[in-house]
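Q: Can we walk through this one together? I'd like to start with a term, then go to the contacts.

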Amino acid sequence: MSQSDQSLPLLRVQSLVKSYGDRVAIHEASFDLWPGEVMAVVGESGSGKSSLLNVIAARTQPDAGQVEYLNHNGQLENIYTMTQAQQRLLSRTEWGFVHQNAADGLRMDVSAGANVCERLMGLGERHYGRLRQTAEHWLHRVEIDISRMDDTPRTFSGGMRQRLQIARNLVTQPRLVFMDEPTSGLDVSVQARVLDLLRQLTRKMQLAVVIVTHDLAVARLLADRMMVMQHGRIVESGLTDQVLDDPQHPYTQLLVSSVLQP
Amino acid sequence: MYVAVKGGETAILNTYKMLAEQRRGNTDYLELSVEQICQQLKLSVDRVMTEGSVYDPELAALAIKQASGDLIEAIFLLRAYRSTLPRIGNTCALDTARMQLDRRISATFKDLPGGQVLGPTYDYTQRLLDFTLLANSQSERTESSPKTSAPSMPPEQVPRVVDLLNQEGLIETFTCPAHDPDPIDLTREPLRFPADRATRLQNLARGDEGFLLAMAYSTQRGYSHTHPFVGEVRLGQVAIEIEPEELGFAISIGDIDITECEMVNQFAGSKTEPPQFTRGYGLAFGHSERKAMAMSLVDRALRADELGEAIESPAQMQEFVLSHSDSLEASGFVQHLKLPHYVDFQSELELVRKMRENNPAEHAHSQGPT
Amino acid sequence: MSASYETAPEVNFAYLDERTKRMIRRSILKAIAIPGYQVPFGSREMPLPYGWGTGGIQVTASVIGPEDMLKVIDQGSDDTVNAVNIRRFFERTAGVNTTTRTHEATLIQTRHRIPEKPLVEGQIIVYQVPVPEPMQRLEPREAETRTLHGLAEYGLMHVKLYEDIARYGHIATTYDYPVMVNHRYIMSPSPNPKFDNPKMHMNPALQLFGAGREKRIYAVPPYTSVESLAFEDHPFEIQKWPVACTQCGATDSFLDEIITDDSGSRMHVCSDSDYCQTRQDEQSSVAT
């Protein structure tokens, strides 16, 4: 049990159930996520995809089922039996969460550099010069001009804020990143750039990602695998290209056919 | 030759003398008696008792006299005095249904059992300065308190509007659970967050009327989603009862005047609750309608969390409202800025000078230290 | 100001009733057991307003005994009106002896300064604290800061320091400079100038902190580590003056700047009145 088992997934979700009053948001959701794998959760609003994301990211408690994460000892650990301290530490080191609205994931009145480095400072980095170098490195990687390092995100455009949020999450080299509609709040012309950045970074850093989106094109571009949700149920899942090119479930067929082809 | 400033003690004693002179005013005029204040500045006395948390009109009047009419200062005096009093026990919960009514109105019904008893109120006066009062004589304008059409002696037990609404199950009720714990006493324990409703109500009851009024007002101007109605405002005497162990039953030890407000709000219902009315509650000593009403609106706003409403405005935020409602804390901290701060200021002076030295051109950009 | 004591009723020794003192002492003991941790307590309304030292007064009133020798200072001086007022309060309600000499005092209540003369074992210093929460400006919600302290999540504090350096080239906090106590809790040392922070480290005396309005007590037991927050490459520095005290010639004390005429001439004098006076006395006795 204590040996590192190569055949264990990074995240194992089993039979999750979540209700709000008498409305069931998630019916028995189960899936595995492997290291370096990008999984898209696709559906319309009300499908339960955001609820699912919040539950597996330990932001909301499920009513039933479990979520297990592969810890450093190579063991699957139930995230809901961890202490609050452990969960919070995980959220700031091995995990990332990219919000749809960048303002929810940034300190808007603190400089871009400090936004990027905060996690490191929280982990005990006390060398200002090194922190600044790290900030420069990451701003460069998300294509933000270093001259903006001491400006606050209030002065940034939507696309820049989102790229800053991404940098803030990636600075601790997380293994797993959750993304909730990361480009939906942006202008169409700006989305492409952010998506391209995400594609590069997830590949280079071998990140495992669960990305929630209503946009099939996003799934096509970023995801290795995808799941389709309808009314709280996962109705279809599989390799992205297979699901999109040869949808089996009627709802998936409907989604795919309603996307305008250029 | 510089001589260090000394003689602080003498300076302080001189302030006492000057203060006493200011308080007395011109000795050509009669000295105000505590009893006169008690009788003729009743509404000031009521406010000081409420926020001072002591029901003793004579002490409140004394505090007002000593404070030259500054009500917040008077409240301070009364609270400081209260700190020294021994605690004998707690009374039974007041039964406001058994109130000897001076006034009782409801905006939710045109008429109701017990009637609309207008009582003594400014509500129907025209706010015209009455110069006959200058001449120190009885006012001629007696129509300022119109006669009511209700029976002259309201019955002892007048049902509360909320109880009437409750007969149809239209309004939320709170059954007291078994082993319901005693409320904590904010005059003995520090406030912690999140605070339960009993604690919040105690904080609001002692809270500054002006602050609560502003917070309440904000809830009516779109900074909240409740649509309030005055279910009932009642004012009159209730009995204070205690239940000594040796007796095993409650005995009355006196009466106090109180004002109570039940505010009724809409609630669309949720998945588990049918639509019904929700409540806000206000209570104050003496005749203090504005306070009781403001308190009830803020009480309701602070229940946003419990009722699943989005918290979007300051009046709904516990930490904001409850941390800033106490006039003693607010006045003390605001006014403490008058105390010497020159050592800290010294440090700031140096910092600003240093920054200007280093970046003379940039001082236009920098925002300076906070 | 408040009630004159000629008409006050009989008061208990040091004003507070015994039950209140016991409650405060329990809070103090808890604070000493957890250095730097803010213990909530049932602060009472005192005859002085909140914000004017009621926390310090309640702590002093709970630990003072008839044999104590009390010194009260504000801005380093025994003679500022606030210090005089508080000293009078204890003279009237506890009848204790008072002194202006730091080395004679067993109990020192202070606002905004630590005496220049090093304290010794057996002394207690009580600080008046306006804002006990060092992160309040960054995060006003107490429920949040309580969690941050509980989990030792202090990234936010360092963000503030980082921002200062990015904006000004150095840390811009000059008083109430946050410290790490016993390698565990970040604490507000009260609005002392940062000049005084080093005095708190491994101090032989017991240091108590009272915040009456915010209702918190905290403590640093004797010989406890107190480190001012900084970065490795931007270390903590104290203020220095290019001049000496014009009264006693000291170059190692905190100096007050005094404007002496309309054209803005200035001179510098020790903020610590006892320190300055002692040095002057020594010099004049040597001179004769």
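A: A salt bridge here is a side-chain nitrogen of Lys or Arg within 4 Å of a carboxyl oxygen of Asp or Glu. This is a predicted model, where local features need pLDDT of at least 70, side-chain atom pairs count only at pLDDT 80 or more, and totals for chains, interfaces and linings use all residues. Residues are numbered from 1 along each chain as its sequence is written, chains are lettered from A and ligands numbered from 1 in the order in which they are written, and side-chain values use heavy atoms, without hydrogens and water.

Q: How is chain C divided?
A: Domain 1 of chain C covers 18-137 + 162-228, and domain 2 covers 240-288. Those bounds come from an automatic or database domain assignment.

Q: What separates the centres of the two domains of chain C?
A: 25 Å, taken over C-alpha atoms. The contact (heavy atoms within 4.5 Å) takes 14 residues from domain 1 of chain C and 12 residues from domain 2 of chain C.

Q: How many salt bridges are counted between domain 1 and domain 2 of chain C?
A: One. The side chains of C:Arg101 and C:Asp274 meet in a salt bridge, at 3.2 Å from N to O.

Q: And how many residue pairs in polar contact between those two domains of chain C?
A: Nine, with both residues at pLDDT 80 or more. A polar contact is a pair of N or O atoms within 3.5 Å; within protein, one must be able to donate a hydrogen and the other to accept it, and residues adjacent in sequence count only if both atoms are side-chain atoms.

Q: What area do domain 1 and domain 2 of chain C bury between them?
A: About 950 Å², with 45% of it on carbon and sulfur atoms. Buried area is the accessible area (1.4 Å probe) that two parts lose on being put together, summed over both.

Q: Which three residues supply more than any other three on the domain 1 side of chain C?
A: C:Arg101, C:Glu116 and C:Phe195, which supply 49% of the area that domain 1 of chain C buries against domain 2 of chain C.

Q: New topic. Is B:Thr259 buried or exposed?
A: Buried, with a relative accessible area of 0%. Buried means under 20% relative accessible area, exposed over 50%, partly exposed in between (1.4 Å probe, protein chains only).

Q: Where is B:Thr259 found?
A: In strand β3 of chain B, residues 251-265. Helices (H or I, at least four residues) and strands (E, at least two) are DSSP runs, numbered from the N terminus.

Q: What lies 2.4 Å from a polar atom of the B:Thr259 side chain?
A: The backbone oxygen of B:Gly286.

Q: What about B:Arg79, buried or exposed?
A: B:Arg79 counts as buried, at 0% relative accessibility. B:Arg79 lies in helix α5 of chain B, residues 71-83. Leaving aside neighbours within four places in sequence, its contacts include B:Glu51, B:Asp326 and C:Glu45.

Q: Now backbone. Which residues does the cis peptide bond with omega about -5° join?
A: B:Phe193 and B:Pro194. B:Pro194 lies in the loop between α6 (161-167) and α7 (197-205) of chain B.

Q: What is phi of A:Glu28?
A: Near 45°, a positive value in a residue other than glycine. A:Glu28 lies in strand β2 of chain A, residues 23-33, and is exposed at 54% relative accessible area.

Q: And what is phi of C:His112?
A: Positive, about 70°, although C:His112 is not a glycine. C:His112 is in the loop between β4 (107-111) and β5 (124-128) of chain C. C:His112 is buried, with a relative accessible area of 4%.
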